Amino acid sequence: MSLIRVESVTKDFVGARTVADRLRRNPASLMRAVDDVSLEVPSGQTLAVVGESGSGKSTLARMMVGLTEPSAGSVTIDGVAMSGRLTPAQRRSVQIVSQNPWSALNRRRTIGQALALPLRAHGLVADHASCRARIAELLETVGLREDYADRRPADVSGGELQRVTVARALAVEPRVLVLDEPTASLDTGVKAVVVSLLTELKERLGLTYVLVTHELDVAYYMADSVAVMFRGRVVEYGAAETVLRHARHPYTSLLIEARPVPDPAVRSGPALPDPSPRRPVGDTTRGCTFRPRCARAVDACATERPELREVEAEHLAACPVSAPTTIRFPRAQPPGPHENSQCD
Amino acid sequence: MNPAVDAPEQARQAPNPPLLDIRNLQVRYRHNPDAHAAVHDVSFSLRRGEILGLVGESGSGKSTVLNAVLRLLPDGCRLSADRLEFEGIALAEQNPEAMRALRGRRMALVPQRPMTSLSPVIPLGRQLRRLAGPGIDDARLAELLRQVGLQAVAERLDGYSFQLSGGQLQRVLITVSALAAEPDLLLADEPTTTLDTTVQAQVLRLLLELRDRLGLGIVLVSHDLGVIAQTCDRVGVMHAGRIVELASVKDLFGDPQHPYTRRLLASVPERWERGRPLLPDTHRHRAPLRLLPLSPTGCAYLQRCPHASERCGVEAPELRPLKDAQVRCHHPGHAEPATTGKAEEQA
């Protein structure tokens with residue numbers, strides 16, 4: 001039984017209307033950010049959602065925590081639909097950690113105040129002393145000393161601040177954490193620390209993760225399953241090992257190949273043509289949205305929109321000409337045993 | 001993206017004076033007079049047609065070096081250098097007016113965030129003409145943009161910056177600053193950090209193309225070792241304001257000498273192994289080490305170094321030649337100071 005169920009979720013955003021549009025009574029255009037996405041995450045597992053910016057990853061993440069209402073379809077967590085009016089207890093079951101810890105925290109307030117807010121709002125602490133104790137406990141959970149409670153965001157580093165946002169999300173004891181690019185703004189060394197922490201917390205607290213990221217290596221390390229999104233649609237979905245090491249969709253291969261390899265002896269893949277503009281809702285153009293950038297496109301791609309189908313057991317791809325790739329992933333060799341990969 | 005092309009190769013072999021020559025650059029920020037220099041004893045030179053990468057964590061002084069070259073450091077910053085020359089022009093002695101004549105014309109900066117570097121209320125064409133300098137009209141601008149495959153932008157010069165994607169804007173800025181004013185030196189400060197990887201590949205390709213076509217010298221600041229490996233000829237690794245290793249990209253990645261370089265290379269996410277802990281047990285789940293105040297006499301990397309010896313605590317290593325590279329370490333290579341004759345294997 002899956003803890004998180006995303007069923008045919010679609011989200012349309014209303015496009016901007018200029019004054020001229022209003023005067024001419026032009027209807028507002030609709031943009032489809034997420035298009036008919038269905039996913040499942042069993043309890044205790046991690047699903048990574050990967051893709052370029054604008055692919056709808058973050059919108060999907062926001063719908064999972066009930067911050068954005070889906071236009072169609074539903075997100076249920078443990079049988080509770082994450083839309084409409086939710087009770088505080090239902091809201092507590094899922095929390096989000098945002099990409100940029102600097103903008104996620106009020107810089108005028110101390111870290112202790114930031115952590116106290118959800119505790120008080122949900123009535124989880126009786127008095128000042130127990131609040132203080134719970135804050136210390138939360139900080140300890142994410143590997144920070146108790147005295148961090150009196151510091152302000154400007155006094156701590158980016159990696160530490162990201163741990164604070166994780167601690168704040170954990171304050172209400174959620175079962176699910178939606179991590180929206182948790183490591184995007186961090187140095188590689190610090191990245192390793194935050195990823196280690198998240199991995200450990202998941203085991204220790206029995207959490208379920210939805211990891212939204214554009215970093216395939218982070219996804220590969222943390223996730224059990226991976227969904228690749230392109231233009232609001234899931235184009236490939238399956239176990240992390242299968243999707244990233246034996247990608248079937250050309251877009252997945254493209255994402256893997258485009259990353260510059262940290263090894264001058266291996267040349268990165270070719271640069272690609274510009275992405276074609278996003279299509280508005282109701283656009284009846286048929287065919288695959290990835291076709292303009294696809295090297296494998298055949299005639300059928302111009303007329304038929306490929307649906308997600310099973311290409312092998314538990315591996316879905318939305319491409320009629322899917323062929324197993326020969327791209328090496330991860331792109332670099334792991335370090336030798338004598339190399340010290342400790343990071344601080 | 002293969003950097004090997006004839007023109008820069010010739011430039012590299014010619015005994016010309018370097019395009020950029022820096023010896024013992026020091027930069028101190030005023031608001032923290034007791035602090036150690038933001039940039040300390042940085043020396044490197046750059047030839048025409050060469051791409052030099054500066055890599056390191058945030059706060060290691062990479063961007064400060066670029067700003068020092070452009071003389072764009074904030075007021076009150078103290079800059080000193082034995083030599084800070086661009087084509088024989090001593091940059092530290094130029095008055096503001098002379099610097100303005102150099103900036104944008106002979107040396108250009110590619111900013112980290114193209115979106116915030118352009119005004120959203122002034123039409124793109126007007127801003128780009130100003131950036132390009134006199135003698136460049138819209139037709140010429142459009143032609144330059146078409147040359148690098150930006151037809152879509154060339155047709156929209158009366159539009160605004162927010163109507164373009166980040167990748168398009170970054171390529172527009174690089175193209176206009178590199179092609180219109182035809183500078184000799186391009187300083188790129190994390191030019192692709194905010195871009196998607198697929199778009200990043202396009203921007204890096206454009207940089208290489210312009211280098212090959214114009215023989216530009218490029219200093220590329222990045223914290224991304226993938227970007228460095230795929231574009232640079234030589235790399236300087238920065239730590240605590242110092243260059244700790246300066247080597248060809250092949251040597252640096254193939255045979256790193258400084259312990260910090262080795263750790264940087266080992267920590268890239270591409271090398272993470274699924275199912276294995278990323279950090280040693282002692283390090284996991286602990287607040288990062290606070291660097292103790294640097295001893296004025298010891299090595300700045302002492303606190304984090306697995307090979308530190310007593311000598312490292314009392315004597316700061318100098319940047320010394322080693323093989324074809326330069327390394328700032330008393331115990332370069334894989335040698336453990338405590339053991340002797342230990343088999344040395346390569347990564």
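This is a predicted model: local features need pLDDT of at least 70, side-chain atom pairs count only at pLDDT 80 or more; totals for chains, interfaces and linings use all residues.
**Entry 1**

I began with Glu314(A), which is exposed, with 10 other C-beta atoms within 10 Å. I looked up where Glu314(A) sits, and it is in the loop between strand E11 (309-312) and strand E12 (315-317) of chain A. Its phi is near 55°, a positive value in a residue other than glycine.

Next I went to Lys323(B), which isn't a glycine but has a positive phi of about 50°. I found Lys323(B) in the loop between E12 and strand E13 (325-327) of chain B. Buried or exposed, I wondered about Lys323(B)? It counts as exposed, since I get 12 C-beta neighbours inside 10 Å, and the cut-off for exposed is 12 or fewer.

**Entry 1: the sheet in chain B**

I then traced the sheet in chain B. I get 8 strands in an open sheet, ordered E7-E8-E9-E3-E10-E11-E13-E12, with mixed pairing. At the edges I have strand E7 (107-110) and strand E12 (320-322) of chain B, each pairing on one side only. Neighbouring strands of this sheet are turned by 20° against each other on average, ignoring direction.

I also checked what lies on the sheet. Helix H12 (residues 259-266) of chain B packs there, touching strand E10 (234-239) and strand E11 (242-248) of chain B. The direction of H12 makes about 100° with that of E10(B).

Strand E3 (residues 51-55) and strand E9 (residues 217-222) of chain B run parallel to each other over 5 bridges. In that pair, Ile51(B) faces Ile218(B) in E9(B).

**Entry 2: helix H5 in chain B**

Which residues of helix H5 (residues 124-132) of chain B are buried? I find Leu124(B), Leu128(B), Arg129(B) and Ala132(B). Looking down the axis of H5(B), I see these buried residues fall within an arc of 130°, so they line one face of the helix. The buried residues of H5(B) pack against helix H6 (138-147) and helix H8 (166-180) of chain B. After H5(B) comes Gly133(B), with a positive phi near 95°.

**Entry 3: the record for chain A**

Last, I looked at UniProt, where an unreviewed entry places "domain: ABC transporter" at residues 4-256 of chain A. Over that stretch I get 39% helix and 26% strand, and the end C-alpha atoms are 27 Å apart.

Terms used:
Residues are numbered from 1 along each chain as its sequence is written. Chains are lettered from A and ligands numbered from 1 in the order in which they are written. UniProt positions are given in the numbering used here, feature names are shortened, and annotations may be inferred rather than shown by experiment. Helices (H or I, at least four residues) and strands (E, at least two) are DSSP runs, numbered from the N terminus. Two strands pair if DSSP finds at least two bridges between them. Axes are lines fitted to C-alpha atoms, for helices over the stretch in contact, and angles run from 0 to 180 degrees between N-to-C directions. Two residues are in contact if their C-beta atoms, placed from the backbone, lie within 7 Å. A residue is buried if 20 or more other C-beta atoms lie within 10 Å of its own, exposed if 12 or fewer, and partly exposed in between; C-beta atoms are placed from the backbone. The arc is that of the directions from the helix axis to the C-beta atoms.
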